[in-house]
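Visitor: I have a chain open here and some questions about it. Can you walk me through it?
Guide: Go ahead.

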Amino acid sequence: MSKLLVLSADVWNMTDENTGQPMSGVSVWGVNQYRTDSADARGCKPIKFSLDIKMWDKIKGMTLPAICEAQYDVRPAAQGKAGLTVVDLKVIKPVDLFGNA
């Protein structure tokens, strides 16, 4: 598990071009603890990942942005490499980025 600042989450729906089957999921934008400080870069880079549509029932009740604990699962990815998939998010603390609360 690791911490992740979840900025936003949106449901997506589309049709598979090859099979014609409807597909849906949740797109999540966030920032994790990975830092890119170097001679040519500063700060944290946002990441985007998809979650199973079943996660929407949980996410729609969250106040975002929030610091969350992300649970990962390892899966096979391209060329036999390991890939990480977020399988659960738990809010640790909502974050008021712009002092609107």
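Visitor: Is Met-14 buried, exposed or partly exposed?
Guide: Met-14 is partly exposed, because its relative accessible area is 44%. Keep in mind that this is a predicted model.

Visitor: Where is Met-14 found?
Guide: Met-14 is found in strand S1.

Visitor: And what does Met-14 touch, not counting residues up to four places away in sequence?
Guide: Met-14 touches Gln-21, Pro-22 and Met-23.

Visitor: What box do the C-alpha atoms fill?
Guide: The box is roughly 45 × 35 × 25 Å, taken along the principal axes.

Visitor: And what share of the residues is buried?
Guide: Buried residues make up 25% of the 101 residues in the chain. The accessible surface comes to about 7200 Å², and 52% of that belongs to carbon and sulfur atoms.

Visitor: What about contacts between residues at least 6 apart in sequence: what share joins residues at least 24 apart?
Guide: The share is 49%.

Visitor: On to the inside. How many residues has the largest nonpolar core?
Guide: That core has 15 residues, and those with the most contacts inside it are Val-28, Leu-51, Ile-59 and Leu-89.

Visitor: Which strands each supply at least two residues of this core?
Guide: Strands S1 (2-15), S2, S3 (47-52), S4 and S5 each do. As background, nonpolar side chains tend to be buried together in soluble globular proteins.

Visitor: Where does Ile-59 sit, then?
Guide: Ile-59 has its place in helix H1. Its relative accessible area is 4%, so Ile-59 counts as buried.

Visitor: What does Ile-59 touch, leaving out residues up to four places away in sequence?
Guide: Ile-59 touches Ala-9, Val-26, Val-28, Leu-51, Leu-64 and Leu-89. For Ile-59 and Val-28, the C-alpha to C-alpha distance is 9.9 Å, and the two are 31 residues apart in sequence.

Visitor: Which residues is Leu-89 in contact with, leaving aside neighbours within four places?
Guide: The list is Leu-4, Val-6, Leu-51, Met-55, Lys-58, Ile-59, Met-62, Cys-68, Glu-69 and Ala-70.

Visitor: Cys-68 is on that list. How many disulfides does the count come to?
Guide: The count comes to zero disulfides.

Visitor: Is Cys-68 buried or exposed?
Guide: Cys-68 is buried, because its relative accessible area is 0%. Cys-44 has 33% relative accessibility and so counts as partly exposed.

Visitor: Now Ser-27. Buried or exposed?
Guide: Ser-27 is buried, because its relative accessible area is 12%. Its place is in strand S2 (residues 22-32).

Visitor: What does Ser-27 touch, not counting residues up to four places away in sequence?
Guide: Ser-27 touches Ser-8, Ala-9, Asp-10, Trp-12, Lys-48, Phe-49 and Ser-50.

Visitor: Backbone next. Which peptide bond is cis?
Guide: The bond from Leu-64 to Pro-65 is cis, with omega near 5°. Pro-65 lies in the loop between helix H1 (56-59) and strand S4 (66-76).

Visitor: What is phi of Gln-79 near?
Guide: Phi of Gln-79 is near 55°, which is a positive value in a residue other than glycine. Gln-79 is found in the loop between S4 and S5. At 74% relative accessibility, Gln-79 counts as exposed, because the cut-off is over 50%.

Visitor: Last topic, the surface. Which residues form a nonpolar patch there?
Guide: Leu-7, Trp-29, Leu-97 and Phe-98 form one, with about 420 Å² of accessible area together.

Visitor: Where in the chain is Phe-98?
Guide: Phe-98 is in the segment after strand S5 (82-94). Its relative accessibility is 70%, so Phe-98 counts as exposed.

Definitions and conventions:
Residues numbered from 1 in each chain as written. Predicted model: local features only at pLDDT ≥ 70, side-chain atom pairs only at ≥ 80, totals over all residues. Heavy atoms only, no water. Patch = residues over 30% accessible without salt bridge, like charges linked within 9 Å, V, L, I, M, F, W, Y side chains within 5 Å. Areas by Shrake-Rupley, 256 points an atom, 1.4 Å probe, with all protein chains shown as cover. Salt bridge = Lys/Arg side-chain N within 4 Å of Asp/Glu carboxyl O. Helix = DSSP H or I, 4+ residues; strand = E, 2+ residues; numbered from the N terminus. Buried < 20%, exposed > 50% of the residue type's maximum accessible area, 1.4 Å probe, protein only. Contact = heavy atoms within 4.5 Å. Core = buried A, V, L, I, M, F, W, Y, C linked by side-chain atoms within 4.5 Å. Disulfide = S-S within 2.5 Å.
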